[in-house]
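The following exercises ask the reader to work through selected features of one structure. Each task is followed by a solution in steps.

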Amino acid sequence: MSEQVGDFIIRRLGEWGVKRIYGYPGDGSNGIMGALNRADERFEFIQARHEEMAAFMACAHAKFTGEVGVCTATSGPGAIHLLNGLYDAKKDHQPVVAIVGQQARAAMGGEYHQEVDLVSLFKDVAHEFVHMATSPAQVRHLIDRAIRIALSERTVTAIIVPNDLQSQPAVETPPHAHGTVHSGVGYTPPRVVPHEEELRRAAAVLNEGERVAILVGAGALGATDEVIQLAEKLGAGVAKALLGRAALPDHLPFVTGSIGLLGTNASWEMMANCDTLLMIGSGFPYSEFLPEEGQARGVQIDIDPRMLSIRYPMEVNLVGDSAGTLQALLPLLEEKRDRSWREHIESSVAQWWDVLEERAMAEANPINPQRVFWELSPRLPDNCILTCDSGSAANWYARDLKLRRGMMASLSGGLATMGNGVPYAIAAKFAYPDRVAIALVGDGAMQMNGCAELITVAKYWQRWSDPRLVVMVLNNQDLNQVTWEMRVMEGDPKYEASQDLPDFPYAQYAELIGLKGIRVTEPDALAGAWDLALSADRPVVLEVVSDPDVPPIPPHIKREQAQAYMSALLHGDPDALGIVKASFKQFAREFVPKVRRH
C-alpha cells in the first residue's frame, strides 16, 4: 500500500520528535486515525473523553516538557470543542499544534453536513499560523511551518486537513517547479541576550536600588540558580506569579511566595516598600499588587518584546532568555553590604508562614480547606508534578504548599479556565510515567469534566511505571471562588441557584471504575489519608468534605472590599452565620500579620 497523506502527516510529526497525540476521533479525521493505527508502536494516541481535554493535555505536555504539544479532532463539532484548551495554551504562551479534519473539498461552500469555516474559527487562537491543506504537495510545508512557528513563537498553530485529502497518495517531495515550497525539519531555540549597553544600564539601576524586589514568572522556570544568585547579591526578596510557582523552592527565607489576590502578605509588603522592581519572565496582570507608579525604578527581562513595560513602566527593558540574560548581568552587579532590607523580608516571610499554619489549623465545619494543603505540603514526594484547577483550590495551592527543588507545578494562568486540573495531571503522567502527579481540584471542576477524565485515568494508568496519580477533590457543594467574588467584589449575597452544587460521591465513583477512593470528613484524618493516597498501588481520588465558608483572605483588604463583604452579609446571604464564624477564626488577632513599613 502506497503512503497516504495521513501516513505522511504522522511520519513527518515523528521526524519533528513528536511521539504522542491527544485527541478524539471522528469521520472528519478517519484518514489520520488509520495512519496512527498503521504507525503501530511508533506513535501513541491518547483518547481523551472530550476534545477540550485533549487540548488541555497538549498544553500541559508543552508546559512540563518544553516540547510541542499536539492534539487532534474531527471536523465541525470536534474542532470547535478544542478551542478552550487551545486558548489556555495561547494565553500561557505554550507551543501547541492542532490538527483537525474537515469535510471533503468538493463539498466546501455547499452548506454541507458538519461544515464549518475552520480557518475563520481558528483565526484568533492560532493567528500566527492556520491553514487548510488542499493539495498533497502542500502538506509537508504546512506541518513544518506549524511546528516551527509554534516552537519559535511559543504559540498555538492549526492545520486543517479535509477528509478526502487524508487518503490521497502522499507527495513526499514536491516537484522542483515554480509555485512549490520545499521545507525542512528542525528548530533549536536561539540564545538571546541583550546588548552590553543595555545590560549595563540595567545593572546601574539595580546597583543604585536600596530595596530591590524581584518578581518571577514562568519565564524564570529554567533560571533557578541564576535568580538565587541574583537575590543573594542584591539582598532582594523574590515573589512568584502563579505560573512561576516552581521557579524557586519555598524553603528559601527570602522567597515571599505568591503575589496578587491569591498571594501572601510578605509579597504585598515587599512591593509596597521597594524602591526597585525587577520582573523576570512574568506577565503578572494585576498592577494594584505592584509598586505604585513612580515609587520604584524598574527593570524587566522577557524573551517576548510584546510583554515588556505593559504591567509597570520600566526604565530598562531587556529582551532575552532569563537564564542567559541573568548570567550576563550578574558580573555587573555589586553585592549590597546593607542587609537590613533582606532581614526585613525574611522576618516578614517567617511571620507569614506562622500565620498560614495557624489559619490552616483553625477549626471549620467540617474541614478547613487550607489544612488539606498544609497537611500535603511536607508529604509531597520528591520530583512530584502538581496541577491545580481554577477556583478556591488555587488560593490554597498558591499559599500553603512549600515546593521543593525538582518539583513541577502549573495551572491555567492567563485564561484561568476551569477544568484543566485533571487533564494536566494525565498529560504529566504520560510525559513522566515514573513521577507522582497530584491534581488539586474543586468540586465544580470535577463535575464539569474531571469525573469524565477519571475514565481516561482508568483506561491508561497501568501503562505508567509508577501508578500514583492523586486527584484531591474539595467537596464543599459550592462554586466557592465565584461565591466569594460575588460577596467581596459586588456586595451581593450568595445566589444559591447559580452557586450550589449537587453532592456527588467522588470517592465511590473512583472505586466503581477501578481506582481507589478515599473520603475524609474529619480534619484529624487528613494526614493519614494523604499517606494512604501517596502510597497506593493505583490512582486515587481523595475526596475531602470541606467548609465553603472559610474566606480566601487577600493579603491587603481594601475599604471597598470590606464594605461589599458586609453588604453581602446584611442582605441575606444564606451562609451568613457560617461565614461570620469562619471569618472570626481567620481574622482573629493571632492570624493577622502586621503591615510594616521598612
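**Exercise 1. The surroundings of T483**

Leaving aside its neighbours within four places in sequence, with which residues is T483 in contact?

*Solution.* The model is a predicted one.
- Step 1: Locate the residue. T483 belongs to helix α18, which covers residues 480–490.
- Step 2: The relative accessibility of T483 is 0%, and because buried means under 20%, T483 counts as buried.
- Step 3: List the partners. With neighbours within four places in sequence set aside, T483 is in contact with D478, K494 and Q499.

**Exercise 2. Aromatic pairs**

State how many aromatic pairs a search of the whole structure finds, and characterise the pair formed by W268 and F289.

*Solution.* A pair of aromatic rings is described by the distance of the centres and the angle of the planes.
- Step 1: In the pair of W268 and F289, the rings are 5.8 Å apart, centre to centre, with 75 degrees between the planes. Planes over 60 degrees apart count as edge-to-face, so the pair of W268 and F289 is edge-to-face.
- Step 2: This pair links distant parts of the chain, 21 residues apart: W268 lies in helix α11 (residues 265–273), and F289 lies in the loop between β10 (276–280) and β11 (297–302).
- Step 3: W268 counts as buried at 17% relative accessibility, and F289 counts as buried at 5%.

**Exercise 3. Helices α16 and α17**

*Solution.* Two packed helices are described by the angle between their axes and the distance between the axes.
- Step 1: The axes of α16 and α17 come within 9 Å and cross at roughly 20 degrees.
- Step 2: F430 is buried, with a relative accessible area of 5%, and Y460 is buried, with a relative accessible area of 3%.
- Step 3: F430 and Y460 form an edge-to-face aromatic pair, with 5.4 Å centre to centre and 75 degrees between the planes.
- Step 4: Ring pairs link Y22, F430, Y460 and W464 into a cluster.

**Exercise 4. Helices α14 and α15**

Are α14 and α15 parallel or oblique to each other, and is their crossing left-handed or right-handed?

*Solution.* 
- Step 1: The axes of α14 (residues 369–376) and α15 (residues 392–400) come within 9 Å and cross at roughly 40 degrees.
- Step 2: α14 and α15 are therefore oblique to each other.
- Step 3: The crossing of α14 and α15 is right-handed.
- Step 4: P369, Q370, F373 and W374 of α14 meet A393, W396, Y397 and D400 of α15.

**Exercise 5. Charges over rings**

Which residue lies over the face of W353, and which over the face of W484?

*Solution.* 
- Step 1: K402 lies over the face of W353, at 4.5 Å from the ring centre.
- Step 2: R487 lies over the face of W484, at 4.6 Å from the ring centre.

**Exercise 6. A241 and I159**

Describe the positions of A241 and I159, together with their contacts.

*Solution.* 
- Step 1: A241 is placed in the loop between β8 (237–240) and β9 (255–258), and counts as buried at 8% relative accessibility.
- Step 2: Leaving aside neighbours within four places in sequence, A241 is in contact with L215, V216, G217, I259, S282 and F284.
- Step 3: I159 is found in strand β6 (residues 156–162) and is buried, with a relative accessible area of 3%.
- Step 4: Not counting residues up to four places away in sequence, I159 touches V97, A98, I99, V100, H131, L142, I143 and A146.

Technical notes. Residues are numbered from 1 along each chain as its sequence is written. This is a predicted model: local features need pLDDT of at least 70, side-chain atom pairs count only at pLDDT 80 or more; totals for chains, interfaces and linings use all residues. Side-chain values use heavy atoms; hydrogens and water are left out. Rings of Phe, Tyr and Trp (its six-membered ring) pair if their centres lie within 6.5 Å; planes under 30 degrees apart count as stacked, over 60 as edge-to-face and the rest as tilted. Helices (H or I, at least four residues) and strands (E, at least two) are DSSP runs, numbered from the N terminus. Buried means under 20% relative accessible area, exposed over 50%, partly exposed in between (1.4 Å probe, protein chains only). A charge sits over a ring if NZ of Lys or CZ of Arg is within 6 Å of the ring centre and within 35 degrees of the ring normal. Axes are lines fitted to C-alpha atoms, for helices over the stretch in contact, and angles run from 0 to 180 degrees between N-to-C directions. Angles under 35 degrees count as roughly parallel, over 145 as roughly antiparallel, 65 to 115 as roughly perpendicular and the rest as oblique. A crossing is left-handed if the near helix is turned anticlockwise from the far one by less than a right angle, and right-handed if clockwise. Contact means heavy atoms within 4.5 Å.
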